[in-house]
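Please keep the sequence and the structure in view while reading.

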Amino acid sequence: MQNKTITESKKLDMLFVQNYYEQMLGIMQISAVLKQNGFTTDVILGTKEDIVKKILAKKPRVVGFYCTTGFHHKNLAIAKEIKKMLGDEILTVVGGPHPTFVPSAIEAAGVDIICRGEGEQAVLELMKALRDNKDYTNIKNLTIKKEGKIYENEINTLCNLDALPFADREIYKNIEYIYKNKRYEAMLSRGCPFNCTFCSAAAFRKIYEGKGDYTRFRSVPNVIKELRDIKKRYQPTCFFFHDDTFVFKRNYLYEFLMAYKKEIGIPFACLIRADLATDETIKLLKDAGCYLISFGIESGNENIRNTVLKKNLSNEKILKCAEVLRKYKIPFATFNMVGLPDENLKETWDTVDINVKAKPNWAWFSVYQTLPHTELARYALEKKYLGEVDVAETDSSFHENSLILKNHSEGKKMLRLKNMANLIIKIPILKPVVRIALSLPFDSIYSLIDKLLYFVFYYSKLTYKSGLLDRIHSAFFIARHMKEFK
Ligand code: B12
């Protein structure tokens, strides 16, 4: 009955819902596979109300949500609402890291299917089954709720990245802001080989045990061909490579950088691990056009960084990396977290202090949120920093607050210091003033300072916009849409 309704009229096959105002590779990748097989796709974003309205107007065959932990509240609420209105006329599929680690998401009202892990093959098989009126309850990576029963299927082998079609950028043609953005997101690999306790990488690897090499690279010619296509078609001003660690495989990287310099030659940004970037590597990155590097410090306290977070990275290596980046004049940003298990205000100061020494162009300070199935989330539970149910209740804000900080006697001060960290990094003599300010409840002023500094030092200088108007326009866009994503 359900499939009959779906196939009666020609409709949009798959409508993706995303929670971020940038190109998302997962969605573009699935869309490319679907279009290659004759299916139609589109993507939307906005407030909950906007999204519901758009879904009702487009009435696709399937609505697919990209869902990270924290954003599941909004996505599941939308799924519930549209299912209430459209019933069997529509199927809802939730994919991405959240359902991968919290498969109980299938039980939520309004969710028909969840996808665990990679979605290309699974979604394609689902769409084909729907088109051909065939059974879709046995597709690998999918858990399906149908007529009151739940069908859980095993995880598929990992896909061969070179066999995938290039990401479908055209899916954004109806979202002007994303479509016109001249910064292009790309990846050369999938899967981080390290075991930091706060990150989902180790949990992903576990799910894929025995299913192939979790850390995989595309061949250099395959990546270059895609970048060449993008360059010709869209004239990007820069690329952003989101690989977890761009510098992990040195020979591969050098081969890529040589080809990139010769055939692409436009500025690019990437993420590295401080201890993998030698003087030679950074010199080559600069030479190939790298204009921005980001790397994780996470905590300035070595005990927390290496014992609690298992990052396995010394202060010395961090400061050395910063020095080499300055030597080759590559602007850089660091990633830092506040509110980690075992962290007190003293350790938050350690994080500020190491950044004062490293002198990054921008230091991202976010609030640590426990991610499901990570070692650190288990540790936080064991040490009673939060209660059992709280892990899946993670908030979408990685900048405002967390359960750990709310329960912490110094939590307020740690949050204030987070917001004034870049002020101290830029003007270290202000440290005694900030120390006093931590006891004063001017939280909105501290948050405003943070936003202003972000605009001046990161946004306007390092995001590679095409001109002043472009910068102002996108700053307004982001400010206006920031709240929508919750
Ligand atoms: C690039 C990136 C970003 C970018 C772009 C966002 C994006 N997701 O594309 C930016 C910087 C914006 C970002 C922001 C954030 N990120 Co991030 N990010 C990544 C990173 C490094 C790569 C993502 C990627 O492009 N992968 C490649 C594509 C091909 O894989 P994929 O996105 O997983 O998609 C596949 C499957 O998930 C599935 N799938 C995806 N979407 C859908 C949709 C449907 C319908 C279906 C069926 C399947 C499906 O199929 C896809 C193809 O196989 C990952 C780490 C990683 N290695 O995955 C972290 C990661 C996704 N981020 C993470 C986090 C926590 C965040 C933030 C919350 C951080 C913050 N401080 O604010 C925000 C949340 C933003 C948001 N609204 O989702 C976590 C999520 C963990 C979790 N359990 O949810 C990850 C896993 C890293 C980690 N620390 O563990 N991120």
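## Basis of the description

This is a predicted model, in which local features need pLDDT of at least 70 and side-chain atom pairs count only at pLDDT 80 or more, while totals for chains, interfaces and linings use all residues. Residues are numbered from 1 along each chain as its sequence is written.

Helices (H or I, at least four residues) and strands (E, at least two) are DSSP runs numbered from the N terminus, and two strands pair if DSSP finds at least two bridges between them.

## The parallel sheet

E8 and E11 belong to an open sheet of 6 strands, which has parallel pairing and the order E8-E11-E12-E13-E14-E15. Its edge strands, each pairing on one side only, are E8 (183-186) and E15 (362-367). Neighbouring strands of this sheet are turned by 20° against each other on average, direction ignored, where axes are lines fitted to C-alpha atoms, for helices over the stretch in contact, and angles run from 0 to 180 degrees between N-to-C directions.

Strand E11 (residues 238-241) pairs with E12 in the parallel sense over 3 bridges, and Phe239 has Phe268 as its bridge partner in E12. Between E11 and E12 the chain passes through helix H10 (residues 250-263), making a right-handed β-α-β crossover (with the strands pointing away from the viewer, the path from the first strand over the helix to the second runs clockwise). E12 in turn pairs with strand E13 (residues 290-298) in the parallel sense over 5 bridges, with Leu292 of E13 as the bridge partner of Ala269. The chain goes from E12 to E13 through helix H11 (residues 279-288), and this β-α-β crossover is right-handed.

## A covered strand and a crossing helix

Strand E12 (residues 268-272) is mostly covered, since 5 of its 5 residues are buried (a residue is buried if 20 or more other C-beta atoms, placed from the backbone, lie within 10 Å of its own). Phe268, Cys270 and Ile272 point one way from E12, whereas Ala269 and Leu271 point the other way.

Helix H14 (residues 345-358) lies across E13, strand E14 (332-338) and E15, and runs at about 175° to E14.

## The mixed sheet

An open sheet of 7 strands has mixed pairing and the order E2-E1-E3-E4-E5-E6-E7. Its edge strands are E2 (41-44) and E7 (149-152), each of which pairs on one side only. Strand E6 (residues 142-146) pairs with E7 in the antiparallel sense over 4 bridges, and the bridge partner of Thr143 in E7 is Glu152.

Helix H2 (residues 25-36) lies across strand E1 (14-17), E2 and strand E3 (62-66), running at about 160° to E2.

## Two nonpolar cores

A nonpolar core is a set of buried Ala, Val, Leu, Ile, Met, Phe, Trp, Tyr and Cys residues joined through C-beta atoms within 7 Å. In the largest core, of 50 residues, Ile27, Val63, Val94 and Leu126 touch the most other members, and the largest share, 6 residues, comes from H2. Apart from this core lies another, of 38 residues, which includes Tyr184, Val247, Ala274 and Ile354.

Leaving aside neighbours within four places in sequence, Val63 is in contact with Leu15, Val17, Ile55, Ile82, Ile90 and Thr92 (contact requires C-beta atoms, placed from the backbone, to lie within 7 Å).

Definitions and conventions. Contact = placed C-beta atoms within 7 Å. Buried ≥ 20, exposed ≤ 12 C-beta atoms within 10 Å, placed from the backbone.
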